[in-house]
Amino acid sequence: MADYETQIVVIAGGPAGLCAAVQAAEDGADVILIEKNAAVGGAANMGMGPLAIGSKYQKRQMYDITVEKALNMFMEYTHYNVDARLMKRYFEQSAETIEWLEDMGVEFEGAYKYFTKSEPTWHIVKTDQGIGPRAASFMNKALFARAQELGVKVMLETPGKKILKDENGHVCGVLATDKEGKEITIACKAAIIATGGAGANPKLIKEETGYEFGKDMFNFAIPGNVGDGIRMAWEAGVDHVPVRIEQAANFEGIDELPQSVPNVLMQPNLLVNLFGKRVMDEEQMQNTTFLSNAASHQKERKLFSIVDSSIVKYYMRNGVDEISMVRTNPDVSDFIEGVKQAEESGNKGLYVADSIEELAEKTGIDADNLVETVEEYNDYCDSTDEEFFKRKKYLRPLVKAPYYAAAIRPGGYGTVGGIRINENCEACDKDFEPIPGLYAAGADACNIYDDSYMFLLPGNSMGFAVNSGRIAGMEAAEFVEDED
Ligand SMILES: Cc1cc2nc3c(=O)[nH]c(=O)nc-3n(C[C@H](O)[C@H](O)[C@H](O)COP(=O)(O)OP(=O)(O)OC[C@H]3O[C@@H](n4cnc5c(N)ncnc54)[C@H](O)[C@@H]3O)c2cc1C
């Protein structure tokens, strides 16, 4: 005898789960949402907003981005290694999703780029504190309120444990643990898994990606996101597809430093590896996924961004070249103070030296090569960058001590992928056959990037979460109606 009975159980209350629950309830289904934490919102509470293609904001801002353009960009970027039908459905729905969210009280600042070369697809949620991290928590609040208004029963501190199937292999329930730690069974006809991936599970990350958390991978680890849903799906017979890190380069100890330090050191400065060699046109550093990938392919998975005092002074006088939407204050006037603070607090990723040789010694970079690279680079500043063709506007010589370097390491937002789904967000077995009544959405099922996050269309992972959540909700609601 089950403890509860409903038509659809949504496992988790991040944006994917919340959207799934709201959509299914709007479509007439009885829904119970179980969430492991004491609050809903998941990783998205730290983010700023989802992608949309062809939204009214883009039209108003006269940005010409269509589903056709975005889909072609996306499929070329991923070398057609991902499901184009799912991508098309996601992109096609994304503009209407913005209005669907607005109807429940979410407001948007507009459509933004993440960096100069990206497209303005990032729909940043409006807050009472202006643009900045955590803006999307306002979206989650509105989704939660809408779910409650629609009668969704939300059970917090209730982690899902297992998908139950009947003798025909159809989903018939979900096993969970309630607030008191008691095992409970919720009978249902459909379950939607949306537990946000495994960013806080170093073991799974190591097994699936080879990276070691804290050693050569410095991703966000949102408590509770340990891959429960991925494991539940695999145990229920769903096909295992690769779990990847949604990579974004990390600057060691960045969170403890004044923003001026990363503001300066994440500019397209001279970038070298431990051999003292450049590895890329540093303008591409703004695409933090590319930077993380580049760092991943170096000795000890390390790169160093280097500036001298004259470049620091230039940034102080003229402002930085590239402004980050995440570090919303581009001011760098307290850079020197920030560096001192970093030294005093024992920050291990920041180095200051009175000569290039000393910088090499402190960082472990090959000294002869670094001296040679700086000489060559300074020559390019007077002519052209023959090595990586960096644009003239970013070329500034390193001539004046002290010199500053920051270690750049692979990082990421969390994991993406693991559960095979089709365009209807049905969870599928090895033969690509849907497991009747089982759906997945969000990071657990986000198999859409191949090996690298698509930052050229920013807002993509939250965009996938909200839209795949809606798709799973609609499809599950239709499924349970047909079953009755
Ligand atoms: C700092 C930061 C900033 C970001 N900014 C952006 C951005 O601006 N735009 C963007 O596109 N993406 C952004 N992302 C990524 C984005 O937040 C995620 O892609 C998105 O939150 C995924 O949604 P989700 O619902 O799948 O998972 P999550 O939001 O992680 O939610 C998962 C939920 O599952 C719950 N859970 C886990 N296990 C269980 C269980 N067994 N039973 C019940 N519940 C469970 C968790 O407690 C959590 O509430 C950011 C990520 C981080 C870390």
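Colleague: Is the crossing of α1 and α14 left-handed or right-handed?

Modeller: The model is a predicted one. In it, helix α1 (residues 15-26) packs with helix α14 (residues 460-483), the axes being 7 Å apart at an angle of about 35°. The crossing of these helices, α1 and α14, is right-handed.

Colleague: By class, which residues make up the contact of α1 with α14?

Modeller: On the α1 side the contact includes Pro15, Leu18, Cys19 and Val22, and these meet residues of α14 including Met462, Val466, Arg470 and Met474. Arg counts as charged, whereas Pro, Leu, Cys, Val and Met count as nonpolar. By class, the contact has 15 nonpolar, five polar and one charged residues.

Colleague: Which element gives the largest share of the shell around the ligand?

Modeller: The shell has 39 residues, with Gly14, Gly42, Gly47, Gly196 and Gly442 coming nearest to the ligand. Two or more residues are given by each of α1, β18 (411-416) and α14. By class, the shell divides into 18 nonpolar, 18 polar and three charged residues. The largest share, five residues, comes from α14.

Colleague: Is Gly414 buried or exposed?

Modeller: Gly414 is placed in strand β18. Beyond its neighbours within four places in sequence, Gly414 has contacts that include Ala43, Gly196, Phe220 and Glu246. A residue is buried if 20 or more other C-beta atoms lie within 10 Å of its own. Gly414 has 23 other C-beta atoms within 10 Å, and therefore Gly414 is buried.

Colleague: What distance separates the centres of domain 1 and domain 2?

Modeller: Domain 1 consists of 4-246 + 415-483, and domain 2 of 250-409. Their contact takes 13 residues from domain 1 and 12 residues from domain 2. On the side of domain 1 that touches domain 2, eight residues are nonpolar, three polar and two charged. Taken over C-alpha atoms, the distance between the centres of domain 1 and domain 2 is 36 Å.

Colleague: What separation do the C-alpha atoms of Gly132 and Thr328 have?

Modeller: Gly132 belongs to the loop between β5 (122-125) and α5 (136-149). Gly132 counts as partly exposed because it has 14 C-beta neighbours inside 10 Å. Although Gly132 and Thr328 are 196 residues apart along the chain, their C-alpha atoms are separated by 6.4 Å.

Colleague: At what angle do the axes of α3 and α4 cross?

Modeller: α3 passes α4 in a right-handed crossing. Among the contact residues are Leu71 and Phe74 of α3, together with Met87 and Phe91 of α4. The contact has eight nonpolar, no polar and two charged residues. The axes of α3 (residues 67-77) and α4 (residues 84-103) come within 10 Å and cross at roughly 145°.

Colleague: What is the phi of Phe432?

Modeller: Most residues other than glycine have a negative phi. Phe432 is found in the loop between β19 (426-428) and β20 (434-440). With 10 other C-beta atoms within 10 Å, Phe432 is exposed. Although Phe432 is not a glycine, its phi is positive, at about 65°.

Colleague: Is the peptide bond from Ala401 to Pro402 cis or trans?

Modeller: Most peptide bonds are trans. Pro402 is in the loop between α13 (367-382) and β17 (403-409). With omega near -10°, the peptide bond from Ala401 to Pro402 is cis.

Methods: Residues numbered from 1 in each chain as written. Predicted model: local features only at pLDDT ≥ 70, side-chain atom pairs only at ≥ 80, totals over all residues. Axes fitted to C-alpha atoms, helices over the stretch in contact; angles between N-to-C directions. Helix = DSSP H or I, 4+ residues; strand = E, 2+ residues; numbered from the N terminus. Left-handed = near helix turned anticlockwise from the far one by under 90°. Contact = placed C-beta atoms within 7 Å. Domains from an automatic or database assignment. Near = placed C-beta within 6 Å. Buried ≥ 20, exposed ≤ 12 C-beta atoms within 10 Å, placed from the backbone.
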